[in-house]
Amino acid sequence: MRRQDIQLLAHARQGDTAARCEAGRRYLLGLDGFPRHIATGIDYLSHPDVRGLPQAVQIITESLPLQDIIDLHQEDSLA
């Protein structure tokens, strides 16, 4: 993992909502040095600080197939 990736995760853990959304997106899609790990991506995107934000909802709906959204109980993101 690159230094920038580690810094992104540190910012996300410190409460930066944009960093949480970006980390969640990268985990959902397996991008930029992040392994594809859907559970971790959902954890970042469903954190109370970002849950319901238009950006987080959009990432979930654009990154996952409908069946995965249903299986992961993320139907609220479809509303």
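**Core, helix packing and aromatic rings in a predicted model**

Q: Which residues make up the largest nonpolar core here?
A: In this predicted model, the largest nonpolar core has ten residues in all, namely Cys21, Leu28, Ile42, Leu45, Val50, Ala56, Ile59, Ile60, Leu64 and Ile69.

Q: And which elements give two or more residues to this core?
A: Those elements are α2, α3 and α4, and α4 gives the most to this core, with three residues.

Q: Which residues make the contact?
A: From α2 the contact takes Cys21, Arg25, Leu28 and Leu29, while α4 supplies Gln55, Ala56, Ile59, Ile60 and Ser63.

Q: Take Cys21, then: buried or exposed?
A: Cys21, which is found in helix α2, is buried, because its relative accessible area is 1% and the cut-off for buried is under 20%.

Q: What is Cys21 in contact with, leaving aside its neighbours in sequence?
A: Once neighbours within four places in sequence are left aside, Cys21 is in contact with Leu45, Val50, Gln55, Ala56 and Ile59. As a C-alpha distance, Cys21 and Gln58 are separated by 10.0 Å, although they are 37 residues apart along the chain.

Q: Switching to rings, how many aromatic pairs does a search of the whole structure find?
A: A search of the whole structure finds two aromatic pairs. In one of them, the rings of Tyr27 and Phe34 have their centres 5.0 Å apart and their planes at 85°, so this pair is edge-to-face.

Q: What about Tyr27 and Tyr44, what kind of aromatic pair do they form?
A: Tyr27 and Tyr44 form a stacked pair, with 5.9 Å centre to centre and 10° between the planes. This pair links distant parts of the chain, since Tyr27 is in helix α2 and Tyr44 is in helix α3 (residues 38–45), 17 residues apart.

Q: Which residues form the aromatic cluster?
A: Tyr27, Phe34 and Tyr44 form one aromatic cluster. Tyr27 counts as buried at 11% relative accessibility, Phe34 counts as buried at 3%, and Tyr44 is buried as well.

Q: Last one, where is the place of Glu75?
A: Glu75 has its place in the segment after α5 (66–71), and at 35% relative accessibility Glu75 counts as partly exposed.

Q: What does Glu75 touch?
A: Not counting residues up to four places away in sequence, Glu75 touches Ile69 and Ile70. The C-alpha atoms of Glu75 and Gly52 are separated by 12 Å, and these two residues are 23 residues apart along the chain.

Methods: Residues are numbered from 1 along each chain as its sequence is written. This is a predicted model: local features need pLDDT of at least 70, side-chain atom pairs count only at pLDDT 80 or more; totals for chains, interfaces and linings use all residues. Side-chain values use heavy atoms; hydrogens and water are left out. Contact means heavy atoms within 4.5 Å. Helices (H or I, at least four residues) and strands (E, at least two) are DSSP runs, numbered from the N terminus. Buried means under 20% relative accessible area, exposed over 50%, partly exposed in between (1.4 Å probe, protein chains only). Rings of Phe, Tyr and Trp (its six-membered ring) pair if their centres lie within 6.5 Å; planes under 30 degrees apart count as stacked, over 60 as edge-to-face and the rest as tilted. A nonpolar core is a set of buried Ala, Val, Leu, Ile, Met, Phe, Trp, Tyr and Cys residues joined through side-chain atoms within 4.5 Å.
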